[in-house]
Amino acid sequence: MSREMTGAEMVIEALADQGVKHIFGYPGGAVLPIYDAIFAQQKVQHILVRHEQGAVHAAEGYARSTGKVGCVLVTSGPGATNAVTGLTDALMDSIPIVCITGQVPTHLIGNDAFQECDTVGITRPCTKHNYLVKRIEDLPRVLHEAFHIASSGRPGPVVVDIPKDIQFAKGMYSKPKDFQHKGYQPKLKGDMEKIKAAIELMARAKRPLFYTGGGIINSGKAASDLLRELVKLSGYPITSTLMGLGAFPAADPQWMGMLGMHGTLEANMAMHDCDVMICIGARFDDRITGRLDAFSPGSKKIHVDIDASSINKNVKVDVGIIGDCAHVLEDMVRLWRTSSIHPDKKALADWWKQIEKWRGRKSLAYRSSSDIIKPQYAIQRLYELTKDRDTYITTEVGQHQMWAAQFYHFQEPNRWMTSGGLGTMGYGLPAAVGVQLAHPKSLVIDIAGEASVLMTMQEMSTAAQYKLPIKIFILNNQYMGMVRQWQELLHGGRYAESYTHSLPDFVMLAEAYRGYGIRCEKPGDLDRAIKEMIDVDKPVIFDCMVDQNENCFPMIPSGRAHNEMILGDAAEKLEDAVTEEGKVMV
Amino acid sequence: MNAPSTSHYPTAPTAQLSEAHTLSVLVDNEPGVLARVIGLFSGRGYNIDSLTVSETEHQKHLSLITIVTTGTPMVIEQIKNQLDRLVPIHRVVDMTTSGRAIERELAMVKVKGKGEHRVEALRLADAFRARVIDATTESFVFEITGKSDKIEQFVALMLPLGLVEVSRTGIAAIMRGPEGM
């Protein structure tokens, strides 16, 4: 059944038909007809952000915490260019986003009209796909296709650029129906022969491990459940990337913690020494592998990924399975249950003994203090005081992000929103806005650094407008902490421009935004202050003054391999730990 | 194994040798599709040695892009997978690994000269089965079709005889036998 309506009305109709409840956006000349259509309806609620980058990050938080597509509406020109950072972030972390951009009328395209930019040209490399709709007849199909492409296969952002005259034009709207895009058909089921080969490798392993990533989260709750089942069945150890935290419960004894540059000693050593690596939904990113030629030299590698281009991109694998994590895991679990091969229990016990030895080094240990708040301690207390609640965590980018990943323990998927691939400072605050909107009754905390959070601080205003009681927990060390740490490591302690003079008074800033401000300077006050933060039914900025000189350990220094980590206790040897080549390369 | 590296960023796998591959890419004939392909190559640092694009089936809105690229086997594999990821791309076929591809190119070669040079140019053109498609009293334009090395050889021979300019189509490729792509 189709109905005649304007292009602008089609946009709203399509959003509603796709089950969209909220859209994050910012109006402007070239999207006014769509805003007019929003004004006239109740189905889709518009959330007015304060900057278009914030709109995309909010949509990312919304998407990541719900598994749904996040939606964005921005105007032409600066509206579109401001969204580019968010779109790139969503592309790198495979977050499903549909971003509708206004465009100048078709007859003005290419004329350098006011607020014109080549949106499809600019966003081509930072989206999964994009469209410029030049005929009203194409609009309904394109809108539905955009949702399909954003959410299926390896998810990602899709831009639909709609010129203003198309928004005014009238045409026939049709509902989404199952359609088969000729060229775009993501493969969900893995090749059974390869899955069999993988199971056989796994069964004969003496030192196996699971290395999982964000693909498990994207694949949905079923993938996490199946992963848990397979890990339990096999008794193998498991680690995960930053993006994959929560897919496997951190409280489980088989969990080794996060791996990679700031991963635990046990996870990285196990990666280096394993003989069979089962990588599911991760992509051998450079923060994970460290030095490539020394990456897990003795292992057979199994790689499950829905994106064929991820397989053999950085690391050559022995069994590459193209498919959706949940689908492949289902087959793996079934095969494992029915397979007659019995794993080598003795070898596995020895392997666990070795892992326990590494675990015994307590690589996350830090020197505690009774008069200054250690950032790790702050996260630990935050975790202890919020773990029994319905809590969602977002972060900015930097030291605080790594400490959050190390010290905040996730038991469930979709509870952890962070910018992994692009490393976008300023992600966490708007993402928290999106998460809180999707989960109004939950506790949503942005674990932040004072430098990152200032990049998108204006979204406090959004939080205040929609009465979203997000908690911004700032680990304030007055430095861009990770930059400072690298300068200490690599540049002789010359802290060029990494110290921020004239920081705002965050308590007053919170109040200026009609939120609530808390400052905490002593470890003894921390618990009380965190409880106060949780109880305030308003957006809160928590200014947690922490040790300015604390570094984030353990760390795989530049140019080193997994088995050459430096631990916190070795901090005084930092200078020697980095090779000359390493200084140049990273 | 992987190439030696001293960085957290992966370096180019230099252990493997580069090789040239001809890829046939079947795409939807829609605006921007070529930009997507070219943008992918420039954005990810791949080479394009030759590129031809033309609509092949008007009714189905399909175009065929033939790309000659060079890279290590791992990079060639990446290129194919990255191309396959683009939404308007239907199929990517590596004509080189198939071993059953025919590759042809067309060139128009302008030669200016008088007397002996002019006669020699004509004689060579005849030997290469190049056709004269334009002539003045002091110039010829030859049309020559064939494999790229044949065209290069012809152009090299024309150089001392008064070569003015060359316009080449780039490589078009098709598979031998009854099956389509």
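**Entry 1, Val98(A).** I started at Val98(A), which touches Val69(A), Cys71(A), Ala146(A), Phe147(A), Ala150(A), Val158(A) and Val160(A), leaving out residues up to four places away in sequence. By contact I mean that two C-beta atoms, placed from the backbone, lie within 7 Å.

Before going on, I noted that this is a predicted model, where local features need pLDDT of at least 70, side-chain atom pairs count only at pLDDT 80 or more, and totals for chains, interfaces and linings use all residues. Residues are numbered from 1 along each chain as its sequence is written, while chains are lettered from A and ligands numbered from 1 in the order in which they are written.

Which residues touch the most other members of the largest nonpolar core? I found Val72(A), Ile97(A) and Val98(A), in a core of 204 residues. Helix α17 (residues 428–438) of chain A gives this core its largest share, seven residues. Apart from it lies another core, of twelve residues, including Ala107(B), Phe142(B), Ile144(B) and Phe154(B).

My terms: a nonpolar core is a set of buried Ala, Val, Leu, Ile, Met, Phe, Trp, Tyr and Cys residues joined through C-beta atoms within 7 Å. A residue is buried if 20 or more other C-beta atoms lie within 10 Å of its own, exposed if 12 or fewer, and partly exposed in between, with C-beta atoms placed from the backbone. Helices (H or I, at least four residues) and strands (E, at least two) are DSSP runs, numbered from the N terminus.

Next I looked at α4 (residues 78–92) of chain A, which has 15 residues. From its first C-alpha to its last α4(A) reaches 22 Å, close to the 21 Å expected at 1.5 Å a residue; the expected span is 1.5 Å times one less than the number of residues. Where is the kink in α4(A) centred? I put it on Val84(A), at about 40°. The bend at a residue is the angle between axes fitted to the seven residues ending there and the seven starting there.

Val84(A) is also among the buried residues of α4(A), as are Gly79(A), Ala80(A) and Asp89(A). The buried residues of this helix pack against α3 (52–66), β4 (70–74), β5 (97–103), α5 (119–123) and β7 (157–163) of chain A. After α4(A) comes Ser94(A), with a positive phi near 55°.

I count strands as paired if DSSP finds at least two bridges between them. Leu73(A) is the bridge partner of Gly25(A), and Val72(A) stands opposite Cys99(A) in β5(A).

Is Glu550(A) buried or exposed? I find it buried, with 26 other C-beta atoms within 10 Å, in the loop between β20 (540–545) and α23 (574–577). Leaving aside neighbours within four places in sequence, Glu550(A) is in contact with Lys374(A) and Pro375(A). The C-alpha atoms of Glu550(A) and Arg367(A) are separated by 9.6 Å, though the two residues are 183 apart along the chain. The loop between β20 and α23 also holds Pro554(A), which a cis peptide bond joins to Phe553(A), with omega about -5°.

I also noted two positive phi values in residues other than glycine. Ser296(A) has phi near 35°, lies between α12 (286–289) and β13 (300–305), and is buried, with 24 other C-beta atoms within 10 Å. Asn414(A) has phi near 70° and lies in the loop between α16 (399–407) and β16 (416–417); Asn414(A) counts as buried, with 22 C-beta neighbours inside 10 Å.

Buried residues make up 28% of the 181 residues in chain B.
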